[in-house]
Structures are given as structure tokens and as C-alpha cells.
Amino acid sequence: MIGIYAEGSETIGIGHVMRCLTIADALRSRGKKITFYANSCHELIEGRGYKPETVPDGFEGTKEEFAFWEKNAKEKGLTLLLLDSYKVTPAYLERLGEVFKTAYLDDMCMFPYPVDMVINYNIFADKKDYKELHEQTDLCLGTSYAPVRAEFVQNRGNSASGDVPEIFISVGGSDSLGLSPLITKVIKKNLAASHLHVLCGPYSNQKEALTELQQQFGNITIYEKVTDVWNVMRKCNMAVSAAGTTMYELAAMGVPVLTFSFVENQRRIAEGFALKGAAIGLGMYEEARPEIFEKNLAKQVQILANDRALREQIKKCALLCV
């Protein structure tokens with residue numbers, strides 16, 4: 001039995017949970033038995049066919065939590081636990097390692113992880129970042145390990161190629177900064193003829209603002225609780241996306257992306273794609289200075305929309321990354 005324990009919330013978003021669900025689906029398709037553990041996002045997880053279990057004092061390292069894990073190891077035959085959370089500490093991971101084998105899904109290189117396996121599928125992953133790890137730790141580094149769902153692989157490179165801007169917009173599962181309305185408004189003001197495909201995540205409170213823009217500008221489609229994101233992406237010949245796991249899905253589909261970060265753990269992803277010519281970097285959005293981001297977005301979205309050769313070049317580079 002393999003356990004997967006992921007953290008997600010309105011504050012930190014659902015990226016951890018979503019990528020772990022992709023891994024769970026892949027393992028299940030190979031006949032592995034999976035138990036999903038999470039203290040939030042239960043509806044989302046259940047919608048993918050799993051019955052998540054709540055962990056007492058999750059990620060706190062209490063006696064109650066470790067007793068829970070020991071019980072699961074004994075009663076369910078849990079032999080491996082994949083963890084995905086920034087809350088882990090060396091002491092916590094060492095204690096879990098006394099119960100079963102452990103794997104950690106990483107993108108921050110916070111400290112030497114005392115686990116059996118580290119998975120960092122990011123475009124910037126480098127072995128030198130993990131040189132202090134224990135010798136017995138297996139390293140799975142680079143985009144070949146990216147948790148890209150089967151439907152993206154099956155439709156690899158299948159994105160639109162027309163000259164009328166069909167633009168995919170995603171900022172993640174939550175949008176407390178109101179970035180999806182901001183991006184939508186900037187693009188419509190600069191590319192009036194564009195058709196925008198805007199994801200409104202499960203924790204987003206921006207539906208009303210997006211609907212107002214839809215009524216004001218027209219040619220804006222809002223997607224809620226969408227399960228076939230690949231089908232939305234294939235309609236698009238451009239994208240504006242926060243630098244998370246969605247970047248690897250867009251790369252697989254071959255959609256040229258203007259990417260940005262608004263939290264530190266996204267910064268290296270955005271920079272990595274830009275350095276490889278697989279995206280155009282917009283830098284980091286700063287809440288204190290939104291006008292800088294808006295000005296750069298307005299400039300770059302027009303350049304990309306008006307240059308088919310550039311879009312094709314970015315598409316080729318993106319497909320080489322995933």
C-alpha cells in the first residue's frame with residue numbers, strides 16, 4: 001500500500017493536492033493500491049475517486065500523529081508515504097522514516113531531506129542542490145518526472161495555431177490577489193479582438209469580477225470546476241499563467257506562455273522556462289507595484305499575439321522540456 005499525504009488550502013492553493021492526484025492516478029493505473037491523506041480539499045479528492053483520510057495534528061509531529069501512522073502501517077500495510085508540504089522538518093521526516101519508507105515531492109530545496117526518495121520535477125532541478133543528502137536517498141530530478149496527466153500526453157502539441165488570439169488564463173486554484181480579473185482586463189484593453197479562456201479555481205472568489213468583465217468586453221469564457229483542462233488549452237494559441245504545475249501541462253500541449261510568479265516558490269519555475277526559450281517571463285507580480293506588471297503584460301501580450309514565428313519557436317522549445 002502506498003500513501004500520499006498532501007497539503008492544500010485557500011491560502012496556499014491546491015497545487016500540492018492536484019499534482020499528487022496525478023501521481024495517484026498513474027500509480028492506480030499500474031495496479032498499485034493507494035490511500036490518500038489530506039486535511040482539506042476533500043471534495044476535490046473525492047471527485048477523483050479517492051476517499052481521503054484526515055490525519056490528526058497533521059504535519060505537527062505529535063504523538064497522536066505518529067500513532068496514527070504506525071496504526072496505518074500495521075493495519076493497512078502502508079509501506080511507503082509520499083509527502084507534499086512545506087511544513088515538513090528534518091526531525092519530522094526522520095521520525096516518519098522509522099515507520100515506513102518515505103518520499104518527498106520538492107521544489108524549494110529547504111534543507112537536506114532525510115528520506116528514501118526526493119522528487120523534484122521542476123525545470124530548474126539540479127543534483128548539486130541535493131549534494132548533502134544521505135547516500136541512500138534516490139533522486140528523481142528534472143521534467144521527465146513532471147506529473148503531467150495522461151490526457152496531456154495523448155494530446156501532445158495539440159494546440160491552436162490561428163492568428164486570432166485565443167488566450168488561456170490561469171493563476172491557480174485560489175486568487176486572493178485578484179490577478180485573473182487584472183490580467184483579463186489588461187489583455188482586453190490591448191487586444192480587443194481576443195477570446196479569453198479564464199480558469200476560475202475552486203477557491204477563487206473572483207467569479208463576480210470576471211463576470212462583470214465578460215459583460216463589459218465580451219469574448220470571455222469563464223471555466224469553473226473544469227475537469228478537462230487539456231480541452232480548454234487545445235483551443236488556445238497563447239496563455240498567461242502563474243508558474244506552477246500548469247506550466248508543464250501547457251508545455252506538453254505546446255501552448256506559448258507568458259508566465260509570472262507571485263510567490264517565491266514559483267519564481268525559479270518562471271525563470272527556468274524563460275531561460276530555455278519555452279516561455280516569456282513577466283517577472284514577479286508585486287502587490288505594492290501592480291502597474292509594473294500591467295505595463296509589462298500589455299507590451300508582451302501584444303508582441304506574442306502579433307508574431308506567429310515567435311509563438312512557433314516558443315512552442316518548439318516548450319515541447320522539448322516535457
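Author: Welcome! Two strands pair if DSSP finds at least two bridges between them. Strands (E, at least two residues) and helices (H or I, at least four) are DSSP runs, numbered from the N terminus. Please note that this is a predicted model, in which local features need pLDDT of at least 70 and side-chain atom pairs count only at pLDDT 80 or more, while totals for chains, interfaces and linings use all residues. Residues are numbered from 1 along each chain as its sequence is written, and side-chain values use heavy atoms, with hydrogens and water left out.

Reader: How many bridges join strand S4 to strand S5?

Author: Three, with S4 (residues 101-105) and S5 (residues 117-120) running parallel. S5 is also joined to S6 (residues 138-141) by four bridges, again in parallel.

Reader: Now the rings. How many aromatic pairs does the structure hold?

Author: There are 16 aromatic pairs. Rings of Phe, Tyr and Trp (its six-membered ring) pair if their centres lie within 6.5 Å; planes under 30 degrees apart are stacked, over 60 edge-to-face, and the rest tilted. Take Tyr-5 and Phe-59: their ring centres are 4.0 Å apart and their planes meet at 5°, so this pair is stacked.

Reader: Where in the chain are Tyr-5 and Phe-59?

Author: They sit in distant parts of the chain, 54 residues apart. Tyr-5 belongs to strand S1 (residues 2-6), and Phe-59 to the loop between helix H2 (42-46) and helix H3 (63-76).

Reader: Is Tyr-5 buried or exposed?

Author: Buried means under 20% relative accessible area, exposed over 50%, and partly exposed in between (1.4 Å probe, protein chains only). Tyr-5 has 1%, so it is buried. Phe-59, at 9%, is buried too.

Reader: What kind of aromatic pair do Tyr-121 and Tyr-248 form?

Author: Theirs is edge-to-face, with 5.3 Å from centre to centre and 80° between the planes. This pair also links distant parts of the chain, 127 residues apart: Tyr-121 is in the loop between S5 and S6, and Tyr-248 is in helix H9 (residues 246-253). Both Tyr-121 and Tyr-248 are buried.

Reader: Which residues form one aromatic cluster?

Author: Tyr-5, Tyr-37, Phe-59, Phe-66, Phe-68, Trp-69, Tyr-92 and Phe-100 do.

Reader: And what lies over the face of Phe-66?

Author: Arg-95 does, at 4.8 Å from the ring centre. A charge sits over a ring if NZ of Lys or CZ of Arg is within 6 Å of the ring centre and within 35 degrees of the ring normal.
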